[in-house]
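Please look over the model shown below before reading on. The briefing is arranged by topic, in short groups of points.

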Amino acid sequence: MIERPRRLRTTAAMRRLVRQTRPRPAQLVLPAFVGETPADISSMPGVRRYAVGQIGDVARAAAQKGLGGIMLFGVPDDAGKDPRGTQAWAADGILQRGIAACREAVGDDLVIMSDVCLDEFTSHGHCGFLTEDGWVLNDQTCEAYAQQAVAQARAGSHVVAPSGMMDGQVQVIRAGLDAAGFEEVAILAYSAKYASAFYGPFREAVGSSLQGDRRTYQQDPANRREGLKEALLDLAEGADMVMIKPASHYLDVLSDVAAISKVPVAAYQVSGEYAMIEAAAERGWIDRRAAIEESVTSIVRSGADVVLTYWALEVAQWLD
């Protein structure tokens, strides 16, 4: 007897009926930039950096579209940067003001997430404190992350998301939040964050001051098992959610982590992934909507419960 799987592919209605992976607006999170100086991001068409007075409207739009959340990144002007990144935990820092504006705009109707890292705030562009010879100090940086997380919680963040890849960062942040009375604030750990070539447009978006690279703390793209190890460490330290970054080129790592995780697993479709599809579509080389939908579906198919994507608003409208 000939097997005929094509019977279940005969019409669009039939394919919809048996579709195994169905992304939902509620599992999408919109990464958004809030800065002292608003600007369009040339390498990410359609994406911009918003002023504090504008970011609340972005949060409202996300809530109205049924998104699960918004992930905020703060972008100070160069004058607001210093070697230790002190504006990262200042009460009046740009990110804290952006969080407060979003919380005022949407309350608890949208999950407000915020990036915990020093790279946007340091004059050298690294994710932590540096020694004179350029080594990133691990434990001292973790203590700064805890201060930053507490400042973000005070501003109204529901979820803090440490992305610096310092060893032990989740444990230190959890202790800091609990000691400050923020036991209810969750931690989304950037558990498997690779030293990827696909972050280039993001660095334009945040006005990165980085010289050199981050390969001594972000993961080697060649290492698959290490991604699982990092996720297990963060789970043991108390992470409420774990994340893989980037998404599309690390679906194997995402699948590995999703298979063992007892907490929700997120994946970040990063700036370079966005820019490649937009650039190819602009040249007429690919069908833009089909490519976007396929890329997001593949991330969910590989095990992501939550997808951070710059197309979140648009994809949510298509799904609706």
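The model is a predicted one, and its local features are reported only where pLDDT is at least 70. It holds one cavity of 30 Å³ or more, and its largest nonpolar core has 96 residues.

**Cavity**

- About 120 Å³ of space lies in the largest cavity, and of the 16 residues that line this cavity, D119, K193, Y199, F202 and K245 are the closest to its centre.
- By residue class, the lining of the largest cavity is made up of seven charged, six nonpolar and three polar residues.

**Nonpolar core**

- Within the largest nonpolar core of 96 residues, those with the most contacts inside the core are F33, M71, L72, L177, L188 and Y268, while the largest share of this core, seven residues, is contributed by helix 4.
- L177, when its neighbours within four places in sequence are left aside, is in contact with A149, V150, A153 and V160, as well as with F182, E183, V185 and I187.

**Helix 3**

- Helix 3 runs over residues 94-106, and its 13 residues reach 19 Å from the first C-alpha to the last, which is close to the 18 Å expected at 1.5 Å a residue.
- The buried residues of helix 3 are I94, L95, Q96, G98, I99, A101, C102 and V106.
- As background to such a pattern, an α-helix has 3.6 residues a turn, so residues three or four places apart point the same way.
- Just after helix 3, the backbone at G107 takes a positive phi of about 60 degrees.

**Backbone geometry in loops**

- The peptide bond that leads from K245 to P246 is cis, with omega near -5 degrees, and P246 lies in the loop between strand 8 (241-245) and helix 8 (251-260).
- M165 has a phi near 60 degrees, a positive value in a residue other than glycine, and its place is in the loop between strand 6 (159-162) and helix 5 (169-179).
- M165 counts as buried because its relative accessibility is 6%, whereas the cut-off for a buried residue is under 20%.

Conventions:
Residues are numbered from 1 along each chain as its sequence is written. This is a predicted model: local features need pLDDT of at least 70, side-chain atom pairs count only at pLDDT 80 or more; totals for chains, interfaces and linings use all residues. Side-chain values use heavy atoms; hydrogens and water are left out. On a 1 Å grid over the protein atoms alone, a cavity is a set of points where a 1.4 Å probe fits but cannot get out, and a pocket is an open set with protein on both sides within 12 Å along at least five of seven lines; lining residues have an atom within 4 Å of a point. Grid points are joined across faces, edges and corners, and a volume is the space filled by probe spheres set on the points. Ala, Val, Leu, Ile, Met, Phe, Trp, Tyr, Cys and Pro count as nonpolar, Asp, Glu, Lys and Arg as charged, and the others, Gly among them, as polar. Helices (H or I, at least four residues) and strands (E, at least two) are DSSP runs, numbered from the N terminus. The expected span of a helix is 1.5 Å times one less than its number of residues. Buried means under 20% relative accessible area, exposed over 50%, partly exposed in between (1.4 Å probe, protein chains only). A nonpolar core is a set of buried Ala, Val, Leu, Ile, Met, Phe, Trp, Tyr and Cys residues joined through side-chain atoms within 4.5 Å. Contact means heavy atoms within 4.5 Å.
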